[in-house]
Amino acid sequence: MKEIFKKYIDICLFILMLLFAAIVVINKESLNLGSTYGFISVNAAFIGYSGKIYCIDEGREAVCIIDTDDSVSRILRGGSSKGFFYAEGIAEGSDDTLYILDESYFGDLVSDAVIGHRIISFKNNKYTVLYDSGIQRIYDLQYYEDSLHFLREEEYGLGLYELKDDGEAVLRKRIYAGDVLNDASYDLTTGLVAIATKRGAVRIQKSAFSTWFTLNSEGRHIMPRAVTARNGYVYFSELYSGSICGFSDSNVEMYYELFRAKGLKINRLNGDYNSGTILASDLNSFYTFTADAEGKLSEPVYRTSLTYKGFPITVALWVLLVLTFLLFLYFMRFLPKFVFNLINNESALRMVAVIVAVITVSGFISSSLLSDERIKEDERDVTEMKLFSDVMLDYLDQSSLSKIEWEYDYLGSAYMKFRDSLDIPFTEAEKLGKNYFYTFYRLNDGTTRYLLNYADTVMCGEPCGKTDDRYVRDCFYNGNSYAVKSRDSEGTWLMVLQPVIDDKGKTVAVMEVGTDLNFREQERSRKTWDTIVNVFCSSAVMMMLIIEALFLITFYEKKIKGKEKSTDVTHSIPLRTVMTLTYLASAMQDPFITMLAARIYQGELLIPREMATGLPLTIQFLMMALLSALTGHLSEKTDSKKLLYAGLFTNIAGLVICTVFCEKYLGILCGNMLIGAGVGILLVTSNAIAAKGETMESTAEAFAGVMAGILSGFTMGAGLSALIYPVGGSRMSYLVAACFMVPVFFLIRYSDNIAPGKQEAEEEKEKISFYKFFFNPRVLGFFVFILIPFMTSISYREYFFPLYAMMHGVDEVRVGQIFLLCGLMVIYVGPHISSAIIKRFGTFWSVVIASVTMGLNLIVVALRPSMFMVVLGVVILSVVISFAYTCQYTYFESLPDSLMYGDGKAMGVYSVFENMGQTIGPVVYGALLLLGERKGIGIFGVLMLVFCLLYVLAMGRGRRFFK
């Protein structure tokens, strides 16, 4: 008892160590946060329904939640497609739902990325996209009277929308505004509309049918950037004077200055209906004002740093990190014993040596490639931007540039002519996949000002408050060029600054060419992941091939040593290797066959495309089922070599047909018929040989070898396909698959032949008829309630997952890599799992556990459908398969009915129903998906649980087995 307790304690501690490590990794950004939170690059601040303040920080990549006691309670991280990318606006609902106005890239990240705008909800730690406006910009997201409202750019100006709970945006009002906007706001209490234009004007409209009033600036040039309308008052930021100004609907032609700070540049203003709070943000932090009944603002409260409530979490994470390290040291005490046992186990030592060597080599290759590529990519980025800026300088129109100075030049003839001169090189760069931007600066009255930029987000003459202003000034005065990384309130950038020199040798402007580093990091992360996965897949496939070769060598070594002693027929042929190569060749088409059929089907069979897509897999499994029954009977009367040869050449014929006619739907259909027939013959013959073991242990070991070979072959086939498909497509994949079947010929050629033995004839008297065998509740119930549902559920991986992945933009290569990685996690532990489960629970309950686990897996996927959960479902399915096949085979073969009917014939019938489940799998999933992804998958998961319960009840063993 003490040893058992100690054993389980170690297991629990090991699980805790993994759990602690996962928590630390997931929250690693919190490790660097202290008791005080300092703002980095504030873009905007918003007040919520509950009075909380939401500050967009870190170049729009973080949202700080500030409670009413002026402390930061939580930080939401963006900068990725998993949540939000760049936060632009925040609104808080009455039910604590947070609504984030998001700006993100969509399209091909390499060549045609476009800025898009979305509204995302955040509740219960889950992000959900509620609305996508595409390239139309959204202004003034606000929650009012239990509804979400926003303004959206339209051809006629602006549209006021209300967003319903189902994501439908209902147009409530059309607002005709004929100027180019910097900002816009709508007062939901009075219907007041206010806009700040890029030509330097503030306009308001009292109602939908009233005229626009333009602010009287008393002859001054003003630069309005941000505007907000609340409770009948309008406030805007004026960049020239660095002030916040306001006016009311009682006198819309005059404005008054409310607050001024030297050098202040306020890009965003936001207000609240209830408290009258006005929030203004600059780069360093944000100001909080309170408006009185007359619209006058109080003295501001300026926040640069606040108490961080998450500091205890940071402390807890460090504690977990220390505990993880201590637990790691604790488990290191097992290392000497493990090494000693390993040294004394020649076979295990060989495998571990190969695994460590291959992983080490693949890690070294990956790190070297990534390190070199990262350095070269940084240098290449800067070099290419410098070359591009030189080209831009050659194309720009100097005469037009000299005429652009103030806000009223915006969209003028000189402005448009200058932009048109730069469109030619910029368009060519976009065609080459270069996602650049450009900005021009000028010095006026000692102040750095914008002239224009490519994204059209700045005004002519707008004061520049960027953190790289000193580089712009030095570039202007000294003629130096710079490559700069910069973070401001709009994001993080990599840019090249060069002076623009006129014919007289005078610097008249500074040109900036750059790229969004967040965008670049996304692209780089994708390339990094591709490199790691490709190198790992290559190494893994090579590792698995070497390990399978070691298994084959070990098999022949044992055979040679025990040749005179052993009479067990399972030792006559390396069943594991035969199945590995057979399923490797068959599985090389799995990552792409469904997508290939969908692409090349042209209505040849006069059936819907949805049915035709899964037909090649269906016909393959159908032929496996039909040939299984015949092979099962023949195995009782025919030599094993004849059957193995028949299956081998039939399989090769199918692969050759698919190689030649891979772009013809009927070609791959016929080819898959023969592939299925060949695999069926080889599988049933191998199972029949495995079933002839002298003892239960040798039979279970043989079945485990067959199942390990199937899973290993499937995994390697998917991995090889992921490597070969990008190079030669489906034709090369089929050709390489056919080549892998050639070694099977030699394995059969030099194996011992197994003829119908004398023992079978002596036991003939004890055998029963097919009727008594098949209609026995134990056998028929197993087929109907356990085997067919389980084998049908496997189409989740071969049919549902590739289609789901294709709908979510995942290609054939990535599907193959996922198959490989999932299979690799359990490929060599499957036999150990099955042995442990059978030993602990017995064959009956092991079979039930496998089916229940698969049913629960489908239910979980149905409850939380996402790409991550679907991939996780594939992982769980692979784990279940790694022991379920062996448990099912062993249980069925051990039934007295199977023994009396005959091993070969019983396994033939078994294979018929096994392949029948796989045959109807795509059809069943296709029908269920008509009900919807969640509903269809969920129904099937529930049915599996019900069928398991029915089988347990039918067997009448419930209480006895639980004792």
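**Exercise 1. The cores**

Which residues of the largest nonpolar core touch the most other members?

Solution. The model is a predicted one, in which local features need pLDDT of at least 70, side-chain atom pairs count only at pLDDT 80 or more, and totals for chains, interfaces and linings use all residues. Residues are numbered from 1 along each chain as its sequence is written, and side-chain values use heavy atoms, with hydrogens and water left out.

Step 1. A nonpolar core is a set of buried Ala, Val, Leu, Ile, Met, Phe, Trp, Tyr and Cys residues joined through side-chain atoms within 4.5 Å. Buried means under 20% relative accessible area, exposed over 50%, and partly exposed in between (1.4 Å probe, protein chains only).

Step 2. The largest core has 127 residues, and those that touch the most other members are Phe782, Phe783, Phe790, Tyr796 and Phe892. Helix α14 (residues 696-740) supplies the largest share of this core, 16 residues. Helices (H or I, at least four residues) and strands (E, at least two) are DSSP runs, numbered from the N terminus.

Step 3. A separate second core has 28 residues, including Met392, Ala414, Phe418 and Val496.

Step 4. Contact means heavy atoms within 4.5 Å. Leaving aside residues up to four places away in sequence, Phe782 touches Pro777, Leu787, Val847, Gln888, Tyr891, Phe892, Tyr910 and Tyr951.

**Exercise 2. A helix pair**

Determine how α12 and α15 are placed relative to each other.

Solution. 

Step 1. In helix α15 (residues 742-749), the buried residues are Val744, Leu747 and Ile748. These buried residues line one face of the helix, because they fall within an arc of 95° when seen down the axis of α15. The arc is that of the directions from the helix axis to the C-beta atoms.

Step 2. The axis of α15 and that of helix α12 (residues 640-660) come within 10 Å and cross at roughly 175°. Axes are lines fitted to C-alpha atoms, for helices over the stretch in contact, and angles run from 0 to 180 degrees between N-to-C directions.

Step 3. The crossing angle therefore makes α12 roughly antiparallel to α15 (under 35 degrees counts as roughly parallel, over 145 as roughly antiparallel, 65 to 115 as roughly perpendicular and the rest as oblique).

Step 4. On the α12 side the contact is made by Lys641, Leu644, Tyr645, Leu648 and Phe649, and on the α15 side by Val744, Phe745, Ile748 and Arg749.

**Exercise 3. Positive phi in loops**

Find the loops that hold Asp96 and Glu145, and describe the phi of Asp96 and of Glu145.

Solution. 

Step 1. Most residues other than glycine have a negative phi.

Step 2. Asp96 lies in the loop between β6 (86-92) and β7 (98-106). The phi of Asp96 is positive, near 70°, and Asp96 counts as exposed at 59% relative accessibility.

Step 3. Glu145 is in the loop between β10 (138-144) and β11 (147-154). The phi of Glu145 is positive, about 50°, and Glu145 counts as exposed at 62% relative accessibility.
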